[in-house]
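Here is a friendly walk through one structure, in questions and answers. Take a look at it first, and then we can go through it piece by piece.

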Amino acid sequence: AFITLRQLLDHAAENSYGVPAFNINNMEQGLAIMQAAAKADAPVILQASRGARTYAGDIMLRHMVTALVEMFPDIPVCLHQDHGNNEATCLSAIRHGFTSVMMDGSLEADMKTPASYDYNVDITKRVSDAAHWVGASVEGELGVLGSLETGEAGEEDGSGAVGKLSQDQLLTDPDQAVDFVLKTECDALAIACGTSHGAYKFSRKPTGDILSMATIAAIHDKLPYTHLVMHGSSSVPQELQDIINAHGGEMPQTYGVPVEEIEKGIRMGVRKVNIDTDCRMAMTGQFRKIVQEKPTEFDPRKFLVPAMDALEDLCRDRFERFGTAGHA
Ligand code: G3H
Ligand code: 13P
Ligand code: NA
Ligand code: ZN
């Protein structure tokens with residue numbers, strides 16, 4: 001059945017587990033994630049970006065996710081708008097069956113310019129009021145995602161944020177977080193702690209100076225009843241880099257957020273963990289492998305089935321390690 005983010009994360013908080021939020025664009029990703037959830041007996045957050053809505057179309061997404069819910073009747077599913085940029089994006093998502101929306105007011109509606117605090121509070125509060133009138137949940141974001149190593153927003157964040165970001169933009173301030181949640185009444189809060197979107201997060205295995213788990217602990221200490229969200233939480237596993245690069249890929253060596261750091265975050269109050277890049281890499285590794293190993297192959301299913309299997313394995317692992325397994 002469909003459930004809201006609030007219902008799902010309240011249960012996660014009561015039972016001290018985290019929930020991965022996987023980005024979805026097409027049927028194959030949907031089937032792979034749901035098959036993993038069924039095997040792990042885990043509730044699911046499927047999130048669609050603005051790009052995903054344009055790619056598949058709102059009508060297709062709604063029917064696709066409704067079909068997945070019908071195919072997997074024992075799995076609770078939250079359909080969430082990822083990085084909504086304004087009121088229209090969030091409200092049209094709800095109209096198309098999303099049970100939860102992210103109003104990302106950390107950036108202006110162009111998703112490039114860091115926004116003022118007052119802008120963020122005002123727009124998030126407006127979306128929160130409207131969403132709550134119709135029973136949908138809201139995720140806000142305070143702080144701008146970006147690298148503490150370079151001060152840049154990251155390569156594939158879909159925003160192309162301009163200019164260098166300062167340290168205090170890159171780490172969410174705990175006192176401001178309290179004020180933000182009181183004023184906006186958001187159900188979940190995305191925080192900045194040194195992660196960034198895309199594959200190129202860190203130039204080395206992250207330590208506390210570039211991945212600030214202490215920020216999460218400080219926010220959770222002041223806001224014990226707000227569900228914290230970690231964006232940019234792909235682990236960019238070495239084995240996926242290796243599969244891609246062994247089959248003609250040219251991804252420069254890079255480091256993501258180690259799963260054990262996410263597990264630590266979940267113990268510190270993180271409830272929603274956003275993962276897109278790892279899913280892309282799992283599928284692309286198989287596409288590349290089959291292109292190289294079977295040059296005579298031209299049936300798309302022969303590419304898609306192994307790609308789905310690799311995605312299913314990745315999702316299953318995250319459901320197990322985040323403690324989501326067994327909670328459907
Ligand atoms: O936050 C970005 C997500 O990875 C979605 O990416 O906008 O390319 O669909 P996208
Ligand atoms: P990754 O690029 O680390 O997978 O992050 C995805 C994300 O935060 C989507 O909102
Ligand atoms: Na989101
Ligand atoms: Zn994100």
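**Around the annotated sites**

Q: Which residues does Asp-82 touch, not counting residues up to four places away in sequence?
A: Two residues are in contact if their C-beta atoms, placed from the backbone, lie within 7 Å. Not counting residues up to four places away in sequence, Asp-82 touches Asn-23, Gln-47, Ala-48, Ser-49 and Met-102.

Q: What should I know about the model and its numbering before going on?
A: This is a predicted model, in which local features need pLDDT of at least 70 and side-chain atom pairs count only at pLDDT 80 or more, while totals for chains, interfaces and linings use all residues. Residues are numbered from 1 along each chain as its sequence is written, and chains are lettered from A and ligands numbered from 1 in the order in which they are written.

Q: Which feature does UniProt place at Asp-82?
A: UniProt positions are given in the numbering used here, with feature names shortened, and annotations may be inferred rather than shown by experiment. Asp-82 is found in strand S3. The unreviewed UniProt entry gives Asp-82 the feature "active site".

Q: Is Asp-82 buried or exposed?
A: A residue is buried if 20 or more other C-beta atoms lie within 10 Å of its own, exposed if 12 or fewer, and partly exposed in between, with C-beta atoms placed from the backbone. Asp-82 has 26 C-beta neighbours inside 10 Å, so Asp-82 counts as buried.

Q: Where is Asp-104 found?
A: Helices (H or I, at least four residues) and strands (E, at least two) are DSSP runs, numbered from the N terminus. Asp-104 counts as buried, with 28 C-beta neighbours inside 10 Å. Leaving aside neighbours within four places in sequence, Asp-104 is in contact with His-83, Gly-84, Asn-85 and Glu-141. Asp-104 is found in the loop between strand S4 (100–103) and helix H6 (117–133).

Q: In which strand does Glu-141 lie?
A: Glu-141 is buried, with 26 other C-beta atoms within 10 Å. Leaving aside neighbours within four places in sequence, Glu-141 is in contact with Asp-104, Gly-105, Ser-106 and Ala-190. Glu-141 lies in strand S5 (residues 137–142).

Q: Which residues are the closest to ligand 2?
A: A residue is near a molecule if its C-beta atom, placed from the backbone, lies within 6 Å of it. Strand S3 (77–84), strand S8 (270–275) and H12 each supply at least two residues of the shell around ligand 2. Of the 14 residues that surround ligand 2, the closest are His-231, Ser-234, Asn-274, Asp-276 and Thr-277.

**Helices and loops**

Q: At roughly what angle do the axes of H12 and H13 cross?
A: Axes are lines fitted to C-alpha atoms, for helices over the stretch in contact, and angles run from 0 to 180 degrees between N-to-C directions. The axes of helix H12 (residues 277–293) and helix H13 (residues 300–321) come within 8 Å and cross at roughly 145 degrees.

Q: How do the residues of the contact of H12 with H13 divide?
A: Here Ala, Val, Leu, Ile, Met, Phe, Trp, Tyr, Cys and Pro count as nonpolar, Asp, Glu, Lys and Arg as charged, and the others, Gly among them, as polar. The contact includes Ala-282 and Phe-287 of H12, together with Phe-303 and Leu-311 of H13, among others. The residues of this contact of H12 with H13 divide into 11 nonpolar, two polar and two charged.

Q: Which residues does Lys-183 touch, not counting residues up to four places away in sequence?
A: Lys-183 is found in helix H8, and counts as partly exposed with 17 C-beta neighbours inside 10 Å. Not counting residues up to four places away in sequence, Lys-183 touches Val-121 and Lys-125.

Q: Is Ser-16 buried or exposed?
A: Ser-16 is found in the loop between helix H1 (5–14) and strand S1 (19–23). Ser-16 has a positive phi of about 55 degrees although it is not a glycine. With 11 C-beta neighbours inside 10 Å, Ser-16 counts as exposed.
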